[in-house]
Amino acid sequence: MTKKLLNLLVVISMLAIAAPVAVAAPPVQDGGQDYVVVKDDWLSKLSDKYLGNLLAYPAIMELTNQKAAQDSSYATITNPDLIEVGWKIYIPGATEAQTFMAAYSPMAPAEGPQGETSIVILVPEDPTGFNGLVTDTGYEQALMELVLLGLTDIDPQGEFYLELAAEMPTVENGGVVVDEDAWTMDVTWKMRDDVVWADGEPLTADDVIFTWNAIADPEGGIWAEGLDYTDSIEKVDDYTFVVHYNTVYPNYRIQFGGENFAVWPEHYCDASQGFVAWDCNRQPLSSGPYILEEWATGDYLSFVRNPAYFEAGKPYIDGVVVRVVPEQSVSKTMMVEGDADLHIWPSESVANDYLVAPNVDLSVSPSDRWVMRLFPNLAARGSVDPVENPHPILSDVQVRQAIRMGIDVDTIVDEIFLGYSKPVWTEFFRPPYICDITKPEYDPAAAAALLEEAGWIDQDGDGTRECHGCKTGAEEGYVMSMELTIYAEYGEELELAQQLVAEMLGDIGINLELSMFEGTILWADYESGGIEQQGDFDLDMWDDGYPGIDPTDHIWYYYYSEAAEPDWGWNVGRWINEDADALIDETYYLDEEYRQEMFCELAALLDEELPQILLFSAFDGAGYSARLQGVQATVNDMVTWNVADWKIVQ
Amino acid sequence: MGRYIARRLLQAIPMLFMISVVLFALVNIAPGGPLSGHGRSRRIRPEKAEILKRQFGLDKPLPIQYVIWLVGNDWMRVDADGDGVTESYGERRGILRGDFGFSYRNRQPVLEEIADRLPNTIYLMGVTLIVVGIIAIPLGAISAVRQYSVFDIVVTTLSFMGQAIPEFWLGLILILIFYAWLNNPFTGAPLLPSGGMQTFGMGFAIWDRIQHLILPVTMGMVGWVAWYSRFLRSGMLDVLHQDYVRTARAKGLSEHLVVYRHALKNAVIPLVTIFALDLPSIFAGSLYVELLFSWPGMGRLYYQAATGRDYPMLMAILIIGAGFMITANLLADIAYAYLDPRIRYD
Amino acid sequence: MTKDQVEAGQKEQNSVSVRSEEMHAPEGMLGMVWRRFRLHPGAVAGSIVLGMLVLSIILVTFSPYDPEISDIGSRLQPPSWEHPFGTDPLGRDVLTRVLYGGRISLAVGLMVVAITLVIGVPVGAVAGYFGGWVDNVLMRITDAALSLPSLLVLILLSAILREVELPFVERNNVVTIAVVIGLLSWMTVARLVRAAFLAIRELDFITAAHCVGVSNSRIMVRHILPNVVGPIIVESTLEVGYAIMEESGLSFLGFGIQPPTPSWGNLLSNAQEHMTKHPWLAIFPGLMIFLSIISINYIGDGVRDAFDPYKVLKQVGEV
């Protein structure tokens, strides 16, 4: 009651401000009537005069247009600000107008002017373009899925599916030929021959080769997975090509697809501009379900369906609008109010709000990928040499084990991440490589005992331990105090988790100072002052995980000794272990069982040595409006991976 | 007067130069940079980083980078393909010849990006400033004329309150009330839109535009109205006690004429100066408003560049902003001299 | 506090008699200022509110809760007797955190003022007193600093300074934020002081001081500066409010003081996602900012009036 009254008051006062002349009770017509426009008429004025409401002008406009469709004596109004003298328009009766306005909502984009369906996707920042290999915030990839195709992709269950490829090359079907002696391999791809670009040109093997060469170009190219192992690509015919590798490369199945890679049109993109900078990154020619129609930078991107899309009858939805809304709290409100249809990667607390909102549903990826982890720096701060300058605290494996035992992951997961996260303690926790590693126990007493054993004892009773015969080479009395760093972009949940971890470790006598940096600082290259690459940290915490189903490259980057060189990888804790190197080398095989065996041996080694302390999986999901059908979040791709299959149900 | 303006313009040149040196050093001194991996994969290969560094000219010492930024590099040999060999003349023309370079973020010309956003900001800030003037001047004038009346007390109190509300906080509240809680009783849709410049796909419609302006303008104007009306009130009080106003009263002129013809005109003069000083915000925009109401303006462009270490974009916006400030300062002084005949410049 | 209240009450009772007193009161300058200040109802109310705020900020040391230690069992509880302002997502008492946050926010405000004065007063004084090329150089620097688009540079500086290792200062702590804000706000004071010095140095008593051989620095500090104290105090008061506001804005942008150290700014900006469901997280820090700034501005207004003899004469003459 009060709310209604308030509504009324606000509207009245708005009207009063907007049109002081119209304060007197307007004559309300009951039946509809025709009207001929005279000088100085405008729609909202008429609407105010006859319907008693300035804002009801869409009723006049739309109902006139409906009449005009049957009777050409009525004018067609395309622009509500422009009506001309002499036009015949239809002014509905009050009830008719009210019924119309109740159904009509200019802000709900479900029905466009021509009765077309469209949806609104929210992104927090203006994307840099459509090229997921050049910029990798995730939103570029989400847009790429709308307009471009790759050869293969991975579905939420972790299975490969084909886009441009006609079949998956395997050893069995002769698509993959391994030269055991030279330890190289050739892969032959067969492509669909019924896919065309939006301008009608066929999409052929030439486009794939063109794209790969542009990526591999030393001037304007960029790094992509498989680049280091690919010698050359050779065209067989318009729809067949062979890739020659310099080694056996197990991840070949997703090299020309997946979330980052798309095939670009040779006849449209200008190779001389370079892959990272060419104009078609921002004005792509579509092969996918949608065509970019308009891009108002910083505001929105609009897409219309691609009539030339190869899957018959798809996409089902006619248009997509991608709106840039920087503030998450605003995005949430828009979703709840029904003004938007998809919110990619809401925070855990927003996801929880979507669960209870009647018109918003939440899609959560069926498997996990992102694992929040602690990187202990085994080298002294500011050094990248763990042998010459070991870290005074963290270079002792017992300390790392105590840290793991001292963190109550279950509490963090349940209370801060609201159950959207699950405890994870090994890299090999998801298909296809699952290794049987026992879940570490939360045991602060045992952690404290371990620290005592390692020579870290609180003798002065200030609550923080000091080195008394510790094994790291730290001087006697060195205080067990360190910095715990996180990155700023994750949001409040990670900040809270950081505070909890510091508190839990504080309880066992490890003092942590907290700090937070932007990703551009934390992950910058060595010379730009990147905190990790320079080794300028003690413990830092962030989440990562490999896309798709092949962890090989991911493992190399994190645990191989060469990856500890500044800028060569992300072994930023500088863990140098020959056994691990040997095991990782052995995983570059095609034999799945052998790979599994090697990975699990490595898993056991990592569990013992703790070069990283894995904590829990991070949430990957999307909120979507209840009228949208077919949305499925996935860690293997962006949530827009199957946008062509989405439908609107009323 | 002409000589005065000329002198001020001449002084502006070394000042801009000084500012540009300081800003350039500041922008480039921070750790992190355009070569850090973007987003989730966070990796950039060292070979690639080297190439990019040479292509962007980041391998050169800072003073050289500054000179290139200022006057371009088309007079020197550069390493365009990043292979370590300088083979051709550069293509940069430097800001002195109107070339602000390319954004590191999306490789678009910086000026084009700014040209995309600037009209949106001018539109929003222009409307805001006009509304501020329309509201603040009568409020300030009337409350001065009726000093200590209920009206005056209410206005003064409100203006103190208006200055004490954090701007972003006000915006959040406005969205909650007018978007989330209140509905249009006729359509059932939210009373006012949550952001953006217009309803998508609607074409240009005046009513729609106004609806989209109400909340951002309200958020942006509150602090200003509070400050302007207080300023005008105290200016007006001063003027009302001046001798010439007494004389005017003594002559028997009507109170209305005294107040609005003589007093207000003189009280507005200092306000014009303040106003001129606030004009540069038409260029820089209000970041908080743009963030909350998803307004695609300059403030957000700058914020994005600052968090992403997009040096060319940062420098362009800062230096153009400083140019605007200096011009506005000059305008303020000229306006003051023009409006107040007591001021003479040699 | 009670003293203030009594005085406020008195003020209202004898508002008529005070005025006549005003006309003849040969007393010390500070006494006069104080008496005039008491005439300003807003300033008195502001002082009371601010006084209470400061008192509770000091007394929060005796709070049964720790501002940084979590209590997972009592997360996000609405206000109750135990937790008058409710609890936050880690179960910490919001009242305690808000009051500790007040320490930080006010500390930022005071530090900013200190920086403003340390830079602004000498620059203005030297420029105004010596004039000539010294004045020219210093004022050009001041102009240049004023020509910076302040919010933009504020963002840039806080983004940079929080990541650079500075001597004496830890990365990204309260001092850094204060330095950043201070570096961008000393110019008003400098101009103010310069203008006053320019005017006063021409007066007879300064010339007289010169004649008896008083040194320049002594003239500046002992003879001119005291005459500028009024405007400086006004400006400094307002600066505290300004700094609190800037810090909260920076927090909203993610460049402010970092948790777990609470400040009004980061408490408020962290609350934005909880606004609908847990409004107490946002209401109380917001209220604190609001109350403190409004009090500070009223006090500033009162101080200005008190130091402005013209204004008082006007009031007396008018009624």
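1. Some ground rules come first. This is a predicted model, in which local features need pLDDT of at least 70 and side-chain atom pairs count only at pLDDT 80 or more, while totals for chains, interfaces and linings use all residues. Residues are numbered from 1 along each chain as its sequence is written, chains are lettered from A and ligands numbered from 1 in the order in which they are written, and side-chain values use heavy atoms, with hydrogens and water left out.

2. Helices (H or I, at least four residues) and strands (E, at least two) are DSSP runs, numbered from the N terminus. Axes are lines fitted to C-alpha atoms, for helices over the stretch in contact, and angles run from 0 to 180 degrees between N-to-C directions.

3. H9(A) passes H11(A) in a left-handed crossing (the near helix is turned anticlockwise from the far one by less than a right angle; clockwise would be right-handed). Residues that make the contact include A:Val399, A:Ala402 and A:Met405 of H9(A), and A:Ala447, A:Leu450 and A:Leu451 of H11(A); contact means heavy atoms within 4.5 Å. By class, this contact of H9(A) with H11(A) has 8 nonpolar, 3 polar and 1 charged residues. Here Ala, Val, Leu, Ile, Met, Phe, Trp, Tyr, Cys and Pro count as nonpolar, Asp, Glu, Lys and Arg as charged, and the others, Gly among them, as polar.

4. Also in chain A, the axes of helix H14 (residues 552-559) and helix H16 (residues 592-609) come within 13 Å and cross at roughly 30°. H14(A) and H16(A) are therefore roughly parallel to each other, and their crossing is left-handed. Among the residues in this contact are A:Ile555 and A:Tyr559 of H14(A), with A:Phe599 and A:Leu602 of H16(A).

5. Over in chain B, helix H1 (residues 2-29) and helix H13 (residues 311-339) pack at about 155° with axes 10 Å apart. That makes H1(B) roughly antiparallel to H13(B). Their crossing is right-handed, and the contact has 19 nonpolar, 4 polar and 2 charged residues.

6. Next, the interface: 27 residues of chain A are in contact with 23 residues of chain C. The two chains bury about 2200 Å² between them, 44% of it on carbon and sulfur atoms (accessible area, 1.4 Å probe, lost on being put together and summed over both). On the chain A side, A:Glu492, A:Gln499 and A:Glu503 lose the most area to chain C, together 23% of what that side buries.

7. Across the interface of chain A and chain C there are 2 salt bridges (a side-chain nitrogen of Lys or Arg within 4 Å of a carboxyl oxygen of Asp or Glu). C:Arg75 pairs in this way with A:Glu415, their closest N and O atoms 3.7 Å apart. Within chain A, A:Glu483 and A:Arg381 form a salt bridge at 2.7 Å, N to O. A:Glu483 lies in strand S21 and A:Arg381 in the loop between strand S16 and H9, so the pair ties together parts that are 102 residues apart in sequence.

8. Finally, some backbone details. A cis peptide bond joins A:Lys314 and A:Pro315, with omega about -5°. B:Tyr148 has phi near 70°, a positive value in a residue other than glycine.

Key
Angles under 35 degrees count as roughly parallel, over 145 as roughly antiparallel, 65 to 115 as roughly perpendicular and the rest as oblique.
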